[in-house]
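Let's take a walk through this protein, from single residues out to the whole fold and back again. Have the sequence and the coordinates open as you read.

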Amino acid sequence: MRVVQWTGPDPEVTKACHNLIQAANAVDDPHGPPVSARKVRYWLEQTIEPAETWFAVDDARGGIRGWCHVVLPAQENTDRAYVSVVVHPEARRQGIGSELLSQAARRAAENGRTGLGGWAFLGTGPGTGPGTGPGTGLEIGRASCRERV
């Protein structure tokens, strides 16, 4: 497994990320709204704030097993970075999310950020929720829920 940075538009990588998000949401948020391919393309290619995207590539099996998106605000909250980490359900509990989170923390520190923000599902599936990997040091800052009516 190696972690590589997104370097520009690539339809195959965008499609792989979309497939990964669909697989993760089927486990983590099965009743939530689907994420469109267009939205994934926007996250990767047309960010409003400066951002970096990193992928966990599995050379042995082929494909992307996880990715993280690191937003580095330029106008407000410039002491923080906002991070989203997604790992394919079949690849969880193997240290991929922890490695991607570590990469995000390194990039945030290298860009002068002293805090990380993000979100996680408090799901019941394997590898869901904050602090699922040992030693992450993550804390729940605010919990919220979504109701279906």
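Start with Pro 9, which is exposed at 68% relative accessibility; here buried means under 20% relative accessible area, exposed over 50%, and partly exposed in between, using a 1.4 Å probe and protein chains only. You'll find Pro 9 in the loop between β1 and α1 (11–28). Its C-alpha sits 10.0 Å from that of Gln 46, although Pro 9 and Gln 46 are 37 residues apart in sequence.

A word on ground rules. This is a predicted model, in which local features need pLDDT of at least 70 and side-chain atom pairs count only at pLDDT 80 or more, while totals for chains, interfaces and linings use all residues. Residues are numbered from 1 along each chain as its sequence is written, and side-chain values use heavy atoms, with hydrogens and water left out.

Now zoom out. The protein has three helices and five strands, where helices (H or I, at least four residues) and strands (E, at least two) are DSSP runs numbered from the N terminus. Read from the N terminus, the order is β-α-α-β-β-β-α-β. Of the 149 residues, 36% count as buried. Take the contacts (heavy atoms within 4.5 Å) with a separation of 6 or more: residues 24 or more positions apart account for 58% of them. The protein exposes about 9400 Å², and carbon and sulfur atoms supply 49% of that; the areas come from the Shrake-Rupley method with a 1.4 Å probe, and for residues only the protein chains shown count as cover.

Setting aside neighbours within four places in sequence, Ala 51 is in contact with His 69, Val 70 and Val 71. Its C-alpha is also 9.2 Å from the one in Tyr 82, a residue 31 positions away along the chain.

Next, the aromatics. There are two aromatic pairs, counted when rings of Phe, Tyr and Trp (its six-membered ring) have centres within 6.5 Å; planes under 30 degrees apart are stacked, over 60 edge-to-face, and the rest tilted. One of them is Trp 43 with Trp 67: the ring centres are 6.4 Å apart and the planes are at 40°, so this pair is tilted. Because Trp 43 lies in helix α2 (residues 37–45) and Trp 67 in strand β3 (residues 64–71), the pair ties together parts that are 24 residues apart in sequence. Trp 67 is buried at 3% relative accessibility, whereas Trp 43 is partly exposed at 28%.

What about the cysteines? Cys 17 is buried, with a relative accessible area of 0%, and Cys 68 is buried at 0% too. The disulfide count is zero, the rule being a pair of cysteine sulfur atoms within 2.5 Å.

On to charge. Side chains of opposite charge can pair when their charged atoms come close. The structure holds seven salt bridges, each a side-chain nitrogen of Lys or Arg within 4 Å of a carboxyl oxygen of Asp or Glu. One of them joins Arg 2 and Asp 59, with the closest N and O atoms 2.8 Å apart. Arg 2 itself is partly exposed, at 40%.

Arg 107 and Glu 52 are both buried, while Glu 90 and Arg 61 are both exposed. In the first, the closest N and O atoms are 2.6 Å apart, and the bridge runs from helix α3 to strand β2, 55 residues apart. In the Glu 90–Arg 61 bridge, the closest N and O atoms are 4.0 Å apart. Glu 90 lies in the loop between β4 and α3 and Arg 61 in the loop between β2 and β3, so this pair ties together parts 29 residues apart in sequence. Shared partners also join Glu 52, Arg 107 and Glu 110 into one salt-bridge network.

Finish at Arg 92, in the loop between β4 (80–87) and α3 (96–110). Is Arg 92 buried or exposed? At 12% relative accessibility, Arg 92 counts as buried. Its side chain makes a polar contact of 2.8 Å with the side chain of Asp 28. Polar contact here means a pair of N or O atoms within 3.5 Å; within protein, one must be able to donate a hydrogen and the other to accept it, and residues adjacent in sequence count only if both atoms are side-chain atoms.
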